[in-house]
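Trainee: I am new to this structure and would be grateful for a guided introduction. May we begin once the sequence and the model are on display?

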Amino acid sequence: MGLIRHIQESMKLKLRISLLMTLVISSVSYAQESKVIIPDIPGYYTLKGDFHMHTVFSDGHVWPTFRVNEAIRDDLDVISLTEHIDYEGFPNIIDQDYNKSYEIASKAATNKGLIIIKGVEISPRVAPYHHNALFLEDANILPTEYMKSGKAEFVMKDSITHDQLMGPFLAVKKQNAFVSYNHPSWGWWDTKDTVLFTSFHQELLDADILKGVEVVNSGNYNVIAHRMALEHDLTMLCNTDEHYDNHPRYKDTHRPMTLVFVKERSAEGVEEALFNKRTALYFGDYVIARQPEAEALFKSSVKVTTERKLRKAEPLLIVNFVNNSDIPFETKMKAEYDIEGFPMGQVVIPPHDTTQVILKAIWKYPAKTTIKVTVENILVTPESGLETEFLLFIEEIN
Ligand SMILES: [Zn+2]
Ligand SMILES: [Zn+2]
């Protein structure tokens, strides 16, 4: 075989091998696509949830069993199908039974490790706008007297009273529901208020009804909702509010989700965690959480080891950041020694990988040292990333 021919043959073989590798890799990555790996945190299990979705039992376009299979495909642990109590997209299907969606989904989820929470969406287009009520016992006893017609159309009465709007909220309070403000926006703003947290919301808060707010809806971050959560001490949620199949919208990323830190894997466990505000919102490469959950999640995801090394005469300290989660962390590090190779200490810690940071030159090794870390894609407020530090113990070399 001539040299040229040999090169051509070997290139063909290489091409075939690389094609084969591509097939193998793509099939592996497809299988992994459905797994979302986020560690538990000390004292709690981390559950992946979506608490806002629709089916044909309101104005969605899928059957409840589809939502169950979709959630299992997307590696979720808990979902709620929150049909509108005041709007029936397909009145013949729902036939005035607002518990049906939950019942079909619960049956489909039996023995599949997916928790289904009974919930609804209360959705007037005047203040207080849309809210979810979760952990209901009966969704059929919620008044919607502000509606003129909610059958295949959404028409509210011409003059609506305060009591009519308050009706469903008082009814869900009797069932000890968890109520959250959905997608606060100026979309249906009625010009009486200049803020999205209206006097009606203050009333719901004072009556111990309002507990949460959707800071991320359909993958969109809402900075006003984030501020609202911190100012009024509300549980933060990240939901899809999906009406169709989730997949096309999130095919290049994971499905946005609320991470819930529970003491036990059950509906009661989720309820306790939501009422106690133990959540983190995971969408794209971002996490939003309060300081305790943010820090626990980061420290459970990234473990650190150290080793001494001599490079010719130069003593170094190697710090390995081992990321066991799916989340890439964008950090800014500050150490008591010079950090090699990362200008301004900007270190990205990719998922399921070890990132080596070299501290130099350490002429005298201390027993311990600290690295201060700001994680810029874990937001603890709209303006600031998580700030934490790693205390590094430096072993003696015998
Ligand atoms: Zn809504
Ligand atoms: Zn909705």
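**Strands, a sheet and a helix**

Mentor: Strand 1 and strand 2 (residues 78-84) are parallel partners, joined by two bridges. Please bear in mind that this is a predicted model.

Trainee: Which residue of strand 2 stands opposite Gly49?

Mentor: Strand 1 covers residues 45-50, and two bridges connect it to strand 2. In this pairing, the residue of strand 2 opposite Gly49 is Val78.

Trainee: Over how many bridges do strand 1 and strand 11 pair?

Mentor: Strand 11 comprises residues 257-262, and its pairing with strand 1 is antiparallel. Here Leu47 stands opposite Val260. The number of bridges between strand 1 and strand 11 is five.

Trainee: How many of the six residues of strand 1 are buried?

Mentor: A residue counts as buried if 20 or more other C-beta atoms lie within 10 Å of its own. By that criterion strand 1 is mostly covered. The number of its six residues that are buried is five.

Trainee: Which strands stand at the edges of the open sheet of four strands?

Mentor: The order of the sheet is 14-15-19-17, with antiparallel pairing.

Trainee: Which residue of strand 15 stands opposite Arg308?

Mentor: Strand 14 and strand 15 (residues 314-323) form an antiparallel pair over 10 bridges. Within strand 15, the residue opposite Arg308 is Leu317.

Trainee: Within what arc do the buried residues of helix 8 fall?

Mentor: Helix 8 spans residues 267-275, and its buried residues are Val270, Ala273 and Leu274. Viewed down the helix axis, they line one face of the helix, because they fall within an arc of 95°. In general, an α-helix has 3.6 residues a turn, so residues three or four places apart point the same way. For helix 8, the arc is 95°.

Trainee: Which residue with a positive phi follows helix 8?

Mentor: The phi of this residue is near 65°. The residue that follows helix 8 is Lys277.

Trainee: What percentage of the 398 residues in the chain is buried?

Mentor: The chain as a whole contains nine helices and 21 strands, and its C-alpha trace spans about 80 × 60 × 40 Å along the principal axes. Of its 398 residues, the buried share is 38%.

How values were computed: Residues numbered from 1 in each chain as written. Chains lettered and ligands numbered in written order. Predicted model: local features only at pLDDT ≥ 70, side-chain atom pairs only at ≥ 80, totals over all residues. Buried ≥ 20, exposed ≤ 12 C-beta atoms within 10 Å, placed from the backbone. Arc of directions from axis to C-beta. Pairing = 2+ DSSP bridges.
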